[in-house]
Amino acid sequence: MTRMKWMFKILSISFIIGCVIVRYLLFQKKSSIYLIDKHNYRYDVNHHHVENENNFLSKNINVIPLPKFIDKKNSILVISNGFQVVPKQKPTEDLQLALRRYLKYISLLTEIPIEINEDSLSSENKLIIDCLSITSQKDAYPTLGEDESYTLNITKTGSYLYALSLTGIIRGLSTFIQLIERNTSSDTFYIPLVNIIDRPRFKWRGLLLDVSRHWMPVTVIERTLNAMELSKLNVLHLHLSDDQGFRVESIEYNLLHDRKDFFTQKDIQHLVEYARQRRIRIIPEFDIPGHTTR
């Protein structure tokens with residue numbers, strides 16, 4: 001009888017251990033699938049390089065932050081005269097502004113004039129922008145947790161950027177410009193053949209500027225926002241009041257703000273719009289009046 005009890009205990013323990021192992025394996029299989037969009041397209045990370053793996057770092061991709069998934073080929077696509085950006089859908093005003101910004105960046109980097117062409121080209125010397133939901137993004141203000149994912153595919157027949165939102169397109173353009181390299185021997189510019197599927201690891205990727213203790217004019221804030229866009233940061237935290245100065249114009253209490261170094265109401269509106277176009281939120285911080293000296 002005692003022997004039967006021991007056998008029953010051993011079988012029970014074996015059954016429990018087996019269930020735990022099966023559940024673990026199922027979880028591992030499920031976690032290796034990454035849903036990249038809303039059309040049930042699944043991406044198996046087991047066949048691609050994942051961040052923090054040694055072979056990932058050896059790929060020598062000069063992109064910050066490192067993309068979520070990447071597959072780099074041992075070949076390049078040369079960017080030459082006549083390079084054009086081709087939107088598949090009619091671009092909204094916000095997308096047109098974004099494309100003009102990045103075309104200017106690329107032109108300054110490569111000294112090659114870049115144009116927007118809404119007609120599809122057969123040449124490989126192009127970047128195709130594909131965003132089906134772009135028409136619904138007009139005048140939208142960026143929100144915390146919005147879809148910033150994108151897919152960037154550089155092939156011998158051209159470059160393709162897919163996203164489900166304007167924000168995703170802008171994040172992909174930031175990656176595209178970072179991938180551009182120069183061949184010093186031939187004085188040409190190229191981009192490696194690569195397939196990137198990316199999304200942010202953190203919803204809030206911010207930068208704090210203390211303009212109260214260290215005053216910064218509008219031009220400096222604009223320059224900072226430009227750098228934030230290229231680095232895929234999405235929140236600018238402005239510390240606007242402290243003992244050293246209240247930096248926002250107050251119309252009702254006109255003795256509250258600093259007499260010399262302050263943002264007017266129009267300055268604030270301009271900066272909020274400037275940041276919105278780059279898919280960045282501005283978070284203002286005001287201390288309680290006890291911090292003022294007036």
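# A walk through the predicted model

What you have open is a predicted model, in which local features need pLDDT of at least 70 and side-chain atom pairs count only at pLDDT 80 or more, while totals for chains, interfaces and linings use all residues. Residues are numbered from 1 along each chain as its sequence is written, and side-chain values use heavy atoms, leaving out hydrogens and water.

**Color by confidence**

Color by pLDDT, the predictor's confidence in each residue, from 0 to 100. The average for the protein is 81, and 74% of the residues score at least 70. Now select residues 28–58: pLDDT stays under 50 there, and the model has 51 contacts beyond four places in sequence for this stretch. (A contact means heavy atoms within 4.5 Å.) Where pLDDT is low, the predicted coordinates should not be read in detail.

Zoom back out for a moment. Of the 294 residues, 43% count as buried; buried means under 20% relative accessible area, exposed over 50%, and partly exposed in between, using a 1.4 Å probe and protein chains only. Among contacts between residues at least 6 apart in sequence, 72% join residues at least 24 apart.

**Select β12, β13 and β16**

These 3 strands form an open sheet in the order β12-β13-β16, with parallel pairing. β12 and β16 (281–285) stand at the edges with a single partner strand each, so one side of each has no neighbour in the sheet. Neighbouring strands are turned by 20 degrees against each other on average, direction ignored. Strands pair if DSSP finds at least two bridges between them; β12 and β13 are joined by 5. To see one, show L207, whose bridge partner in β13 is L236.

Select residues 218–231. α5 lies across β12 and β13, at about 150 degrees to β13; axes are lines fitted to C-alpha atoms, for helices over the stretch in contact, and angles run from 0 to 180 degrees between N-to-C directions. How far apart are the end C-alpha atoms of α5? They are 20 Å apart, which agrees with the span that its 14 residues should have at 1.5 Å a residue; the expected span is 1.5 Å times one less than the number of residues.

Show side chains on the buried residues of α5, among them V218, I221, L225 and M228. Their cover includes α3 (93–110), α4 (166–179), β12 (206–210), β13 (235–239) and α6 (265–277).

**Finish with the salt bridges**

There are 13 salt bridges to look for, each a side-chain nitrogen of Lys or Arg within 4 Å of a carboxyl oxygen of Asp or Glu.

- K88 and D130 meet at 3.9 Å, N to O. The pair links distant parts of the chain, 42 residues apart: K88 sits in the loop between β5 (84–87) and α3, D130 in strand β7. K88 is exposed at 57% relative accessible area, while D130 is buried at 13%.
- D71 pairs with K73, their closest N and O atoms 3.2 Å apart. D71 is buried at 17%; K73 is partly exposed at 44%.
- R182 and D187 meet at 2.5 Å, N to O, and D187 is partly exposed at 48%.
- D94, E273 and R276 are linked in a network of salt bridges.

How values were computed. Helices (H or I, at least four residues) and strands (E, at least two) are DSSP runs, numbered from the N terminus.
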